[in-house]
Amino acid sequence: MGTQEESLATQMDCMAVASGADTAGVEWAKYSKRVLIRKIVGRPDGGHGLVGQRVVVGGWVKTGREQGKNFVFLEVNDGSCPTNLQVLVDCSVASDIHLTSTGTCIMVEGELKQPPEGTKQKVELKVEKILEVGAVEPKYPIAKAKLSMEYLRGFMHLRPRTNTISAVARIRNALAYATHTFFQNHGFNYIQTPIITTSDCEGAGEMFQVTTLFSEADRLDRELKENPPPSAADLEATKFLVKEKGDRVSDLKANQADKSEIVAAVSELRKSKDQLLKMEERSRLKPGIPQKDGKIDFSQDFFARQAFLTVSGQLQVETYVCALSSVYTFGPTFRAENSHTSRHLAEFWMVEPEIAFADLHDDMNCAEDYVKFLCQWLLDNCLDDMEFMSKMFDKTAIDRLRSVANTSFARITYTEAIQLLEKVTDKKFDNEVEWGIDLASEHERYLKSQ
């Protein structure tokens, strides 16, 4: 750690002690000498009960404005929650430092104050010391205005700073944590199944192939251009040289020559034979993808057979359920289906539980409880993010979460579902209904609405 970093760490250690970091009220981060903004504004009182406490806060400026020549008002967010903390900086503290640009990274020390009456904030931070500033380029691409998902694809390294992507990240984090919590609480063992596999799990979908044949073919093509394989004449000349040296060794032995002379001749013969073997091996190299019997020769591939990105961990996890009784896998899966609808993803994470000594009713109970658990978890732990998503994208999202979390799932057999669909007269299905078919999305939507 450099001198500047050591100095900052020392300052913050002293400040944490002086400000009562271990006292009731302010909760300091254990591995970062600062207070998460969520621990301030996420309190039931909006942070009002922390007025008078001294804190260190780090984050990125969402918006900034100058109030005359005396103050700078900043909205700062550190990613711990969707709500910003209002930061008030006296110009005497920030002389010659530009802070108002969106995206500026700051770390500041100050005292939490009660804002003037009539403002929506319950607390604001009055800065007494600026510890760090990370400036941004004048043309910072993530503006305050609403930006399309297509636009953000061009700025993958910055889009997590947007309200939408950061909210999605926190929600996904909560759901992943809730998934492990649910299954661990019910005695399931987490199994890490392979991402690269040679199995097509029950023909679950089109598969992405994993191969080094193309890169190896490109490498070989470049190598053969830079160092062409030996010609037939080169091979014949080397074979003749090997024969000459072999004959010389035979003659020396027949004439009972000096031992050292024979050893030297044998050594030369071995070198020539090694050179011939290498030349013969290079002469067999052919550009392009290796083939055998008119087909790609996967025996030359990295795994000596075809390999794919997994479409499901079910095949592997089924072997573990026969030993550990209750198991689940939760990880990335891949489908190479050439469809660009919202229902077809090239990559997604999938939960696959397996239960031994259980019947279909046990399986349905587990699925229902798991879905309800996730819905309630979001309501209990991510309500602020869900409120943002409801406001910006889906007005009924929170209502649906509450409904699912508190409503028992209706259950019918496949035969009963077909019989209900066959009786439908007020709607024409695109997919014909008859016993034995796989229910299509339109069938499932209709049954759900009844």
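This report covers the strands, helix packing, pocket and cavity of a predicted model.

Local features rest on pLDDT of at least 70, side-chain atom pairs count only at pLDDT 80 or more, and totals for chains, interfaces and linings use all residues. Numbering starts from 1 along each chain as its sequence is written, and side-chain values use heavy atoms, with hydrogens and water left out.

## The barrel

Helices and strands here are DSSP runs, numbered from the N terminus: helices are H or I with at least four residues, strands are E with at least two. Two strands pair if DSSP finds at least two bridges between them. Strands of a sheet pair through backbone hydrogen bonds, either parallel or antiparallel.

Five strands close into a barrel, in the order β1-β2-β3-β5-β4. The pairing is mixed. From one strand to the next, the twist averages 55°. Angles run from 0 to 180 degrees between N-to-C directions, and axes are lines fitted to C-alpha atoms, for helices over the stretch in contact.

| Strands | Sense | Bridges | Residues opposite each other |
|---|---|---|---|
| β1 and β2 | antiparallel | seven | T63 and E75 |
| β1 and β4 | antiparallel | seven | W60 and C105 |
| β3 and β5 | parallel | four | Q86 and E124 |
| β4 and β5 | antiparallel | nine | C105 and G134 |

V61 has V76 in β2 as its bridge partner. β1 and β2 form a hairpin with three residues between them. In that turn, G68 has a positive phi of about 60°.

Where does Q114 sit? Q114 lies in the loop between β4 (105–113) and β5 (124–134). Leaving aside neighbours within four places in sequence, Q114 is in contact with H48 and V51. Contact means heavy atoms within 4.5 Å. F208 is 94 residues from Q114 in sequence and 57 Å away in space, C-alpha to C-alpha.

## The open sheet

A sheet of three strands is open, with the order β6-β12-β13 and mixed pairing. Its edge strands are β6 (189–190) and β13 (347–355), and each pairs on one side only. β12 (residues 326–334) pairs with β13 in the antiparallel sense, over nine bridges. In this pair, Y328 stands opposite P353 of β13. Helix α4 packs on the sheet and touches β6, β12 and β13. The direction of α4 makes about 155° with that of β12.

## Two helices in contact

α10 and α11 (residues 397–406) pack at an angle of about 130°, with their axes 8 Å apart. The two helices are therefore oblique to each other. Oblique is what remains once angles under 35 degrees count as roughly parallel, over 145 as roughly antiparallel, and 65 to 115 as roughly perpendicular.

Which residues of α10 and α11 meet? From α10 come L383, M386, E387 and S390; from α11 come A397, I398, L401 and R402. By class, this contact has five nonpolar, one polar and two charged residues. Nonpolar means Ala, Val, Leu, Ile, Met, Phe, Trp, Tyr, Cys and Pro; charged means Asp, Glu, Lys and Arg; the others, Gly among them, are polar.

## Pocket and cavity

Both are found on a 1 Å grid over the protein atoms alone. A cavity is a set of points where a 1.4 Å probe fits but cannot get out. A pocket is an open set with protein on both sides within 12 Å along at least five of seven lines. Lining residues have an atom within 4 Å of a point. Grid points are joined across faces, edges and corners, and a volume is the space filled by probe spheres set on the points.

The largest pocket has a volume of about 1,400 Å³. Its lining holds 46 residues, with K62, P82, N84, N163 and F388 nearest its centre. Elements giving two or more residues to this lining are β1 (54–67), β2 (71–77), β3 (85–90), α3 (149–152), α4 (163–185) and α10 (383–392). The largest share, six residues, comes from α10. The lining of the largest pocket divides into 19 nonpolar, 15 polar and twelve charged residues.

How many cavities of 30 Å³ or more are there? The count comes to one. About 40 Å³ of space lies in the largest cavity. The residues that line the largest cavity are T197, S199, C201, M207, T310, V311, S312, L315 and Q316. Four of these are nonpolar, five are polar and none is charged.
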